[in-house]
Amino acid sequence: MPYDDKPENVASAQHALDFHIGWFADPVYLGHYPEYMYEVLGDRMPKWTPEEIALVHGSSDFYGMNTYTTDLTKGGGDDEFQGNTIYTFTRPDGTDLGCQAHCGWLQAYAPGFRLLLNYLYKKYKMPIYVTENGFAVKDEDSLPVDQAVHDTDRINYFAGNLQALYEAINEDGVDVRSYFPWSFLDNFEWADGYGTRFGVTHVDYTTQKRTTKDSAKFIIKVSPGFERVIFDFSSSFSLLLVVFPLAWFPSHRNQIVPRMLSKPIALRSALLQIWIRRAPKELSRVILMIS
């Protein structure tokens with residue numbers, strides 16, 4: 001998002017999108033790189049043959065997206081990899097854009113999620129699958145488990161983003177087919193190792209004991225804009241949230257179908273279906289898998 005309404009900052013937001021999204025998506029969906037990349041990189045840009053363009057263009061029938069945060073952008077940067085833009089979470093009035101996560105690159109800002117969904121759908125006109133979206137609560141790893149499970153900041157993150165998702169679908173007409181929260185378990189987070197926790201289930205890395213966090217219960221029971229589902233389940237579980245088109249499961253419309261899974265494991269398992277209210281032929285559902 002642009003830092004303010006100055007023309008150079010408004011332009012910088014598009015420049016950032018060109019380098020972070022358009023670099024990879026434009027050739028697949030539009031058949032060429034963003035014009036701004038040619039402006040910045042000149043003759044360093046690759047030259048495609050017609051055969052290569054034909055091979056890549058149109059090779060995907062959906063847009064899969066990992067997304068976590070929104071940045072404010074200013075013009076005047078000197079890092080080509082960032083599209084010569086400057087990134088910040090600080091608003092013009094000096095306040096933070098949103099709630100700060102444990103990792104410095106992430107703040108919660110749900111309106112930015114809705115704007116991004118609209119941008120992608122209008123530009124590429126493809127169904128969107130949100131393949132990752134989540135929040136790491138600041139200093140959660142230093143808390144005892146009985147405190148870490150009360151992850152209010154993560155709940156607020158999902159509340160805002162699920163509301164933004166609902167509004168993008170129902171008010172803006174964006175075709176979103178799935179939403180995968182990251183993550184159903186605390187896990188090894190690449191360069192951050194085990195110190196950054198994204199899970200809605202707490203993991204004791206020494207004993208492997210799993211403990212439900214409040215955010216998991218929230219996603220199941222009170223996802224904003226979705227039908228409420230109450231289900232009696234075991235106290236420890238892991239969570240995966242997926243949205244699938246109803247057309248794939250025509251015999252189960254308008255039902256909540258618990259299904260017992262994987263009997264050998266100690267925890268009970270169930271499959272919950274939560275229906276998103278949409279236009280009749282575009283109905284989708286959320287599937288919550290607890291194991």
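C103 is buried, at 5% relative accessibility. The model is a predicted one. C99 has a relative accessible area of 30%, so it counts as partly exposed. Sulfur atoms would have to lie within 2.5 Å to form a disulfide. The count of disulfides by this rule is zero.

P92 sits in the loop between β3 (85-88) and β4 (99-100). P92 is exposed, because its relative accessibility is 54% and the cut-off for exposed is over 50%. Its contacts, leaving out residues up to four places away in sequence, are with Y3 and D4.

| Residue | Relative accessibility | Class |
|---|---|---|
| C103 | 5% | buried |
| C99 | 30% | partly exposed |
| P92 | 54% | exposed |

Now to the helices. Two packed helices are described by the angle between their axes and the distance between the axes. Helix α4 spans residues 110-124. It packs with α1 (residues 7-29) and with α6 (residues 152-170).

Take α1 first. The axes of α1 and α4 come within 12 Å. They cross at roughly 40 degrees. The two helices are therefore oblique to each other. The crossing is right-handed. On the α1 side, the contact is made by Q14, L17, D18, I21, G22, A25, D26 and Y29. On the α4 side, L116, Y119, L120, K123 and Y124 take part. By class, eight residues of this contact are nonpolar, two are polar and three are charged.

Next comes α6. The axes of α4 and α6 lie 8 Å apart. The angle between them is about 30 degrees. This crossing, too, is right-handed. From α4, the contact residues are A110, F113, R114, L117 and N118. They meet G160, N161, A164, L165, E167 and A168 of α6. Six residues of the α4 and α6 contact are nonpolar, three are polar and two are charged.

Which residues of α4 meet α6? They are A110, F113, R114, L117 and N118. The α1 contact draws on L116, Y119, L120, K123 and Y124 of α4.

Terms used. Residues numbered from 1 in each chain as written. Predicted model: local features only at pLDDT ≥ 70, side-chain atom pairs only at ≥ 80, totals over all residues. Heavy atoms only, no water. Axes fitted to C-alpha atoms, helices over the stretch in contact; angles between N-to-C directions. Helix = DSSP H or I, 4+ residues; strand = E, 2+ residues; numbered from the N terminus. Parallel < 35°, antiparallel > 145°, perpendicular 65-115°, else oblique. Left-handed = near helix turned anticlockwise from the far one by under 90°. Contact = heavy atoms within 4.5 Å. Nonpolar A, V, L, I, M, F, W, Y, C, P; charged D, E, K, R; others polar. Buried < 20%, exposed > 50% of the residue type's maximum accessible area, 1.4 Å probe, protein only.
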